[in-house]
Amino acid sequence: MTAPSTIATKFLPAKDQLGLVAVGFSGGQCKPGVDAAPSALIESGLLTDIQETLEYTLYHDGIVHGYADHLPPPGTDLPLHIAGAKAPMINPIAVSNVTHALCDQVYEHASKGRLVLTLGGDHSIAIGSVAGTAKAVRERHNNSEMALVWVDAHADINTPESSGSGNIHGMPVSFLTGITKAPKENPNIFGWIKDEHRINPSKIVYIGLRDVDIPEKKILKDHGIRAFSMHDVDRYGIGKVMDMALDHINCGPGQEGMPIHLSFDVDALDPYVAPSTGTPVRGGLTLREGDFICEVIHETGYLVAMDLVEVNPALSGDGPESIGAKETIRAGCSLVRCALGECLLG
């Protein structure tokens, strides 16, 4: 039986207080089904594990939020054409409104000093979750910055101009860093994002990249963002990659450390492990490598928030009851448990 973690937390008043936001939203991309992920994860027993096995006090309203009150009337959220863009932004009003609402929900938990877990949903929701955490960290820690560890097959740092699809789940990091601002075509879209919500590009680390668009490669280089691809994982091993990643954000042994927000896209895992996701790419992390990333970040004591996104139970074989869907849900739950302190020997 796994025991609760004994790791001391550095940036939270207590290590066993967890705020949960379940986000049933799929508007950042075009494939239906990812909105069902929070319910599937919860029904698999994740919250029971968090409370009974890992012994967290859970703060959750019992709702998988669909944000109906924040969605524009049908037929009004038209694709937004940006000057010079390859493709128009899809569902811009919905994604902006929902991420704004989510930002407030995450902030409400984080401002009280709780570790915050956000279950998505597609990766566009990180605009809201990361923004909410960043604002709370600045308020609680004397205008301190936080680090963002982004585990993903994709960089998700396209701008509206560089995106080939217009899907906003490929743009969240560009909004969070301020590389992309509210579009002049409609300044109300993402105009809610202020400096207090943003992340310094020098405090971002990517792990697991293997499908990066050419414009994104230029953005990463131009902004000096540290990124570890699967080539690096193969060359150095996941242990060394994590040492280098934590060193970059000043969170390694003997370093001062800073609050960490971990945003984990399940497509960082190889499709053999997690096939039920919207944009699978072969050659990814094993489940043990994914779990190890989460374990190591937990062991720092610096984790203040986590997202788990892009589990899509509808995208595997015969749907939600297929083996592939169940394996992906099981993998997602494992990642969360490891980030919250589960370890192999209890």
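How many disulfides does the count come to, when a disulfide is a pair of cysteine sulfur atoms within 2.5 Å? The count comes to 0 disulfides. Before we see what the cysteines do instead, a word on the model. This is a predicted model, in which local features need pLDDT of at least 70 and side-chain atom pairs count only at pLDDT 80 or more, while totals for chains, interfaces and linings use all residues. Residues are numbered from 1 along each chain as its sequence is written, and side-chain values use heavy atoms, with hydrogens and water left out.

Back to the cysteines. The sulfur of cysteine 294 has its closest cysteine sulfur in cysteine 338, 6.3 Å away, which is too far for a bond. For cysteine 333 the closest cysteine sulfur is also that of cysteine 338, but at 11 Å it is too far for a bond. Cysteine 294 counts as buried because its relative accessibility is 0%, and cysteine 333 is buried at 5%; buried means under 20% relative accessible area, exposed over 50%, and partly exposed in between, with a 1.4 Å probe and protein chains only.

Now let us step back to the whole fold. The protein has 10 helices and 9 strands, which are DSSP runs numbered from the N terminus (helices H or I, at least four residues; strands E, at least two). Of the 346 residues, 60% count as buried. Among contacts (heavy atoms within 4.5 Å) with a separation of 6 or more, 75% join residues 24 or more positions apart.

Serine 174 gives a close view of the interior. This residue lies in helix α5, residues 172-177, and is buried, with a relative accessible area of 0%. Beyond its neighbours within four places in sequence, serine 174 is in contact with Asp156, Ile157, Asn158, Thr159, Ile179 and Thr180.

Between β4 (115-119) and α4 (126-140) sits glycine 121, and the peptide bond to it from glycine 120 is cis, with omega near 15°. Tyrosine 67, in the loop between β3 (64-65) and α3 (92-110), has a positive phi near 60° and counts as buried at 7% relative accessibility. Asparagine 250 has a positive phi near 65°; this residue is in the loop between α8 (238-248) and β8 (260-265) and is partly exposed, at 28%.

Technical notes: A disulfide is a pair of cysteine sulfur atoms within 2.5 Å.
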